[in-house]
Amino acid sequence: ADIAADAPNRFLINITREQQPQVADRLEAAGLDADFYPLVRGRLTAVDGTAIEDDADLAEQAGELTRRELNLSWIDELKNDNRIAAGEWFDAEDRGKPRMSIDTSVAERLDVGVGDSLTFDITGTPVTATIESIREIDWSSLQANFYVLFAPGVLDEFSATYITSLYVPDDAHGVIGALVREFSNISVIDIAAILDQLTTLIDRLSLAIELVFGFTLAAGLVVLLAAMQASRAERLREAALLRALGARSSWLRQATFGECLLIGLCASLLAAVIAQVTAIVLAVWVFDLGYAWRWPLWLIAISIATGVIALSGLASLRDVLRQPAWTSLRASD
């Protein structure tokens with residue numbers, strides 16, 4: 001739901017430096033906008049001069065960051081889907097100097113901040129740079145983004161490939177096919193197909209959860225009816241005594257409906273509050289998603305649940321309200 005309709009749905013990777021201008025021309029001729037970013041592979045080896053392989057605690061803390069090579073890159077201007085959380089973005093004086101900008105998740109995992117240093121092994125050459133800034137990345141933009149960005153000019157000596165992400169409408173799929181046939185080394189990642197699979201999976205999970213909720217509601221109604229039936233004898237006697245003392249059947253029906261309505265309101269309010277708190281905790285602290293408060297849906301759910309519970313309770317006591325007083329009193333004796 002957070003992904004824009006025109007967000008990139010294709011990634012092109014493994015574009016060589018020599019191919020990049022030609023690929024850009026082909027895409028531009030087809031009316032497809034694409035920004036290209038250089039990519040150099042490197043492995044994190046040290047934090048603030050401490051070798052990760054010599055420090056078991058640091059290696060455990062770094063986790064996946066040290067078990068695979070990271071994609072390193074550089075850009076001149078800060079992208080729109082990046083926000084500086086600490087420090088400052090590179091300026092003209094930083095060009096060629098050992099400076100870097102890292103994502104907040106990397107900073108939190110390594111417990112580093114602005115002024116600390118990281119060392120990467122790039123094709124056997126150690127490269128150490130100081131953290132100039134920490135960025136928050138909006139990954140839902142589906143743009144090409146990097147956990148680690150170096151200042152321009154620092155990685156120029158290393159061989160780089162290029163990556164781009166772009167939105168390809170349905171009527172332009174042939175352009176990408178022709179491009180891959182012309183440049184056979186280029187790989188295409190179809191984000192649209194991945195999103196379709198995720199959407200299908202989420203829909204199925206949602207249906208399964210709704211079915212479980214439906215069974216839970218049915219079980220709750222069964223418990224409610226059982227509780228009403230358990231107090232049936234007492235209710236018969238109370239209704240008979242009230243009618244014998246002059247109470248009308250309409251008054252008894254209103255009193256019983258009011259009782260069931262109150263029970264339904266208390267039950268639905270308690271369930272709604274627990275569900276709301278659980279949803280907020282899961283969204284914010286577990287899935288790291290923004291939570292949107294939808295109070296109309298909350299009110300509709302409470303109203304429907306209260307009405308269903310009240311009507312079910314009233315239906316289970318219908319014969320109690322209809323039975324004559326003398327029959328109820330004789331049965332209780």
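Is Asp94 buried or exposed? Asp94 is buried, at 6% relative accessibility, where buried means under 20% relative accessible area, exposed means over 50%, and partly exposed falls in between (1.4 Å probe, protein chains only). Before going further, a word on the model: it is predicted, so to speak of local features takes a pLDDT of at least 70, side-chain atom pairs count only at pLDDT 80 or more, and totals for chains, interfaces and linings use all residues. Residues are numbered from 1 along each chain as its sequence is written, and side-chain values use heavy atoms, with hydrogens and water left out.

Back to Asp94, then. Asp94 forms a salt bridge with Arg99, with 3.9 Å between the closest N and O atoms; the term covers a side-chain nitrogen of Lys or Arg within 4 Å of a carboxyl oxygen of Asp or Glu. Arg99 is partly exposed at 23% relative accessibility.

The structure holds nine salt bridges. One of them joins the side chains of Asp190 and Arg10 at 3.0 Å, N to O. Asp190 sits in strand 11 (residues 187-190) and Arg10 in strand 1, so this pair ties together parts that are 180 residues apart in sequence. Helices (H or I, at least four residues) and strands (E, at least two) are DSSP runs, numbered from the N terminus. Arg10 is buried, with a relative accessible area of 9%, whereas Asp190 is partly exposed at 29%.

Another salt bridge brings the side chains of Arg26 and Glu182 to 2.5 Å, N to O. Here, too, distant parts of the chain are linked: Arg26 is in helix 1 and Glu182 in helix 5 (residues 173-182), 156 residues apart. Both ends count as partly exposed, Arg26 at 34% and Glu182 at 42%.

Next come the polar contacts, meaning pairs of N or O atoms within 3.5 Å; within protein, one must be able to donate a hydrogen and the other to accept it, and residues adjacent in sequence count only if both atoms are side-chain atoms. Gln19, in the loop between strand 1 (10-16) and helix 1 (20-29), makes one, side chain to side chain, with Asn185 at 2.7 Å. Gln19 counts as buried because its relative accessibility is 13%. Ser133, in strand 8 (residues 125-137), has a side-chain polar contact with the side chain of Ser101 at 2.8 Å. Ser133 is buried as well, at 0% relative accessibility.

Now for some backbone angles. Asn14 has a phi near 65°, a positive value in a residue other than glycine. Asn14 belongs to strand 1 and is partly exposed, with a relative accessible area of 35%. Leu142 also has a positive phi, about 60°, although it is not a glycine. Leu142 lies in the loop between strand 8 and strand 9 (148-150) and is buried at 15%.

Finally, take a look at helix 8 (residues 249-286), which is the place of Leu269. Leu269 is partly exposed, with a relative accessible area of 36%. Leu269 and Leu299 are 30 residues apart in sequence and 9.7 Å apart in space, C-alpha to C-alpha.
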